[in-house]
Amino acid sequence: MRGTRGLNGCSGEKGKLRADTPRPGDIAALRREFRVTRRLRAPGVVRVYGLEPWLTGLALIQEDIGGSSLDRQLKTFGAKHLARFFDVALPITRALVAIHDQVVHGDISPANILCNPATLDIRLT
């Protein structure tokens, strides 16, 4: 879900817990993710702006680069997208190098990589 923050007008993307009634462990994990990622200022890593109440859970408000997750793009474009493998792999590798002394990502998957195909802006979430 995309939107604009009222206070500063920043464009943002809302990542929320998937369950209608999230378990306490899921909420605790999202709070931990927020605490860790809000301090990261590395190239290739999505900036996190806030953690806000959303329905019965929480929503992580993060930078919107105007793209979608790599897994969504792979489903849409299929093998044709794989021709740009290095266009995606190199920025991901650079982002991991930039954060490796601060945090262990723990869940690197196409669902946690944002890509704007028009600009080739690639970010870890």
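A salt bridge here is a side-chain nitrogen of Lys or Arg within 4 Å of a carboxyl oxygen of Asp or Glu. I start there because side chains of opposite charge can pair when their charged atoms come close. The model is predicted, and it holds three salt bridges.

Take Asp26 and Arg23. Their closest N and O atoms are 3.2 Å apart, which makes the pair a salt bridge. Arg23 is exposed, with a relative accessible area of 56%, while Asp26 is partly exposed at 24%.

The protein chain has four helices and seven strands. Along the sequence the pattern reads β-β-α-β-β-β-α-α-α-β-β. Of the 125 residues in the protein chain, 34% are buried. Among contacts with a separation of 6 or more, 58% are between residues 24 or more positions apart. The chain exposes about 7,900 Å², and carbon and sulfur atoms supply 56% of that area.

Next, the hairpin. Strand E3, residues 48–54, and strand E4, residues 57–63, pair in the antiparallel sense over six bridges. Two residues sit between the strands, and Leu55 in the turn has a positive phi of about 50°. What is the bridge partner of Gly50 in E4? That partner is Ile61. Ile61 lies in strand E4, and its relative accessibility is 7%, so Ile61 counts as buried. Ile61 and Leu51 are 10 residues apart along the chain, and their C-alpha atoms are separated by 6.0 Å.

Three strands form an open sheet in the order E5-E6-E7, with antiparallel pairing. Strand E5, 68–69, and strand E7, 121–124, stand at the edges; each has a single partner strand, so one side of each is left without a neighbour in the sheet. Strand E6, residues 113–116, is joined to E7 by four bridges.

Arg123 brings us back to the salt bridges. Its side chain meets that of Glu63 in a salt bridge, at 2.6 Å from N to O. Arg123 lies in strand E7 and Glu63 in strand E4, so the pair ties together parts that are 60 residues apart in sequence. Are these two residues buried or exposed? Both Arg123 and Glu63 are buried. For Arg123 the relative accessibility is 17%, and the cut-off for buried is under 20%.

Arg123 also forms a salt bridge with Asp121, at 3.0 Å from N to O. Asp121 is partly exposed, with a relative accessible area of 22%. Through shared partners, the salt bridges join Glu63, Asp121 and Arg123 into one network.

Last, the helix over this sheet. Helix H4, residues 85–99, lies across E6 and E7 and runs at about 40° to E7. Which residues form a nonpolar patch on the surface? They are Phe85, Phe86 and Leu90, with about 340 Å² of accessible area together. Phe86 lies in helix H4, and at 58% relative accessibility Phe86 counts as exposed.

To sum up the charged pairs: Asp26 pairs with Arg23, and Arg123 pairs with Glu63 and with Asp121.

Note on methods
Residues are numbered from 1 along each chain as its sequence is written. This is a predicted model: local features need pLDDT of at least 70, side-chain atom pairs count only at pLDDT 80 or more; totals for chains, interfaces and linings use all residues. Side-chain values use heavy atoms; hydrogens and water are left out. Two strands pair if DSSP finds at least two bridges between them. Contact means heavy atoms within 4.5 Å. Axes are lines fitted to C-alpha atoms, for helices over the stretch in contact, and angles run from 0 to 180 degrees between N-to-C directions. Patches are made of residues with over 30% relative accessible area and no salt bridge: like charges are joined within 9 Å, nonpolar side chains (Val, Leu, Ile, Met, Phe, Trp, Tyr) within 5 Å. Accessible areas come from the Shrake-Rupley method with a 1.4 Å probe; for residues, only the protein chains shown count as cover. Buried means under 20% relative accessible area, exposed over 50%, partly exposed in between (1.4 Å probe, protein chains only).
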